[in-house]
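Work through the exercises below with the sequence and the model open. Try each task before reading its solution.

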Amino acid sequence: MQTKHKVSLFLVSFLLGSMLTVQFSTVHRPREDNNVVDNVQLNAELATEKDRQKFYNSEIDRLEQQVNTYQNKQGNREELAKAMADDLDKIKGLAGVKPLKGNGIIITIEDSFDAIAAGGDPSKAASLDYYLYQLINYLNGNDAQAISVENHRIISLSSIRSISMNNLQVNAVMINPKSITIKAVGNIEQMKIGMNLFPQFFREMGKDFKITDVTNGSLTIPAYDAPVEFKYAQPEGDKKL
């Protein structure tokens, strides 16, 4: 029980005790003299006791209402805190700083002898970063809610750069361009619409392009793991990040 509740209940109990004590004292207190008390004085005392009784009753009602108010406020705060925590989780998920899990697709892009034998030219892989960007933009435009490349979360601050034929950077981390795994959580059917355009682009680089559906909700996209600092941008208004 909260401290405020305990205090309020204590006050209610105290007032009830006080009221009973006063009533007991009023009824059983022996009078100091045996003189005849006139009716006027008795009526005055009775009126005083009635007023006191009325005051105590009103105080009990007021404190009971206060206790109920505290209880209601506590409930609202819990609901409010839960709603705020849920919203914060959603924002973290959208910002990429929280892992997400769900249905989605896994795209694998790998060097392929068959693709090279069919005319693919590995030297064209110098533009691999360009087509990866195009692929990610396409996924984002078709209901992808979280994307990773080789388990590096793609957010607004992400970068994909081809350093050389054998080196590719994702979020400033070197990855092997010979085998790339892209995971995307979102609407599977929507994300796959138009994907038939991309295999040809990658086959021209000597790579295979394959899509696997994940429908059991187990596809996990990790959080963006680099610190996010805003040095040159601030939200509009008085408060800073």
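**Exercise 1: aromatic pairs**

Tyr138 is partly exposed, with a relative accessible area of 22%; buried means under 20% relative accessible area, exposed over 50%, and partly exposed in between (1.4 Å probe, protein chains only). The model is a predicted one, in which local features need pLDDT of at least 70, side-chain atom pairs count only at pLDDT 80 or more, and totals for chains, interfaces and linings use all residues. Residues are numbered from 1 along each chain as its sequence is written, and side-chain values use heavy atoms, with hydrogens and water left out.

Task: describe the aromatic pairs formed by Tyr131 and Phe201 and by Tyr138 and Phe198.

Solution. 

Step 1. A pair of aromatic rings is described by the distance of the centres and the angle of the planes. Rings of Phe, Tyr and Trp (its six-membered ring) pair if their centres lie within 6.5 Å; planes under 30 degrees apart count as stacked, over 60 as edge-to-face and the rest as tilted.

Step 2. The structure has 7 aromatic pairs. In one of them, Tyr131 and Phe201 are 5.2 Å apart centre to centre, with 35° between the planes, which is tilted. Tyr131 belongs to helix H4 (residues 128-140) and Phe201 to helix H6 (residues 198-203), so this pair ties together parts 70 residues apart in sequence. Helices (H or I, at least four residues) and strands (E, at least two) are DSSP runs, numbered from the N terminus. Phe201 is partly exposed, its relative accessible area being 31%.

Step 3. Tyr138 and Phe198 form an edge-to-face pair, 5.7 Å centre to centre and 70° between the planes. Tyr138 lies in H4 and Phe198 in H6, so the pair ties together parts that are 60 residues apart in sequence. Phe198 counts as buried, at 5% relative accessibility.

**Exercise 2: the open sheet**

Task: give the strand order of the open sheet of 3 strands, and say which strands stand at the edges.

Solution. 

Step 1. The order is S4-S5-S6, with antiparallel pairing; two strands pair if DSSP finds at least two bridges between them.

Step 2. Strands S4 (160-164) and S6 (173-175) are at the edges with a single partner strand each, so one side of each has no neighbour in the sheet.

Step 3. S4 and strand S5 (residues 167-170) are joined by 4 bridges. Ile160 has Val170 in S5 as its bridge partner.

**Exercise 3: a lysine**

Task: is Lys207 buried or exposed?

Solution. 

Step 1. Lys207 is found in strand S8 (residues 207-221) and is buried, at a relative accessible area of 3%.

Step 2. The Lys207 side chain reaches the backbone oxygen of Pro177 at 3.0 Å.

Note on methods:
Polar contact = N/O pair within 3.5 Å; in protein donor to acceptor, adjacent residues only side chain to side chain.
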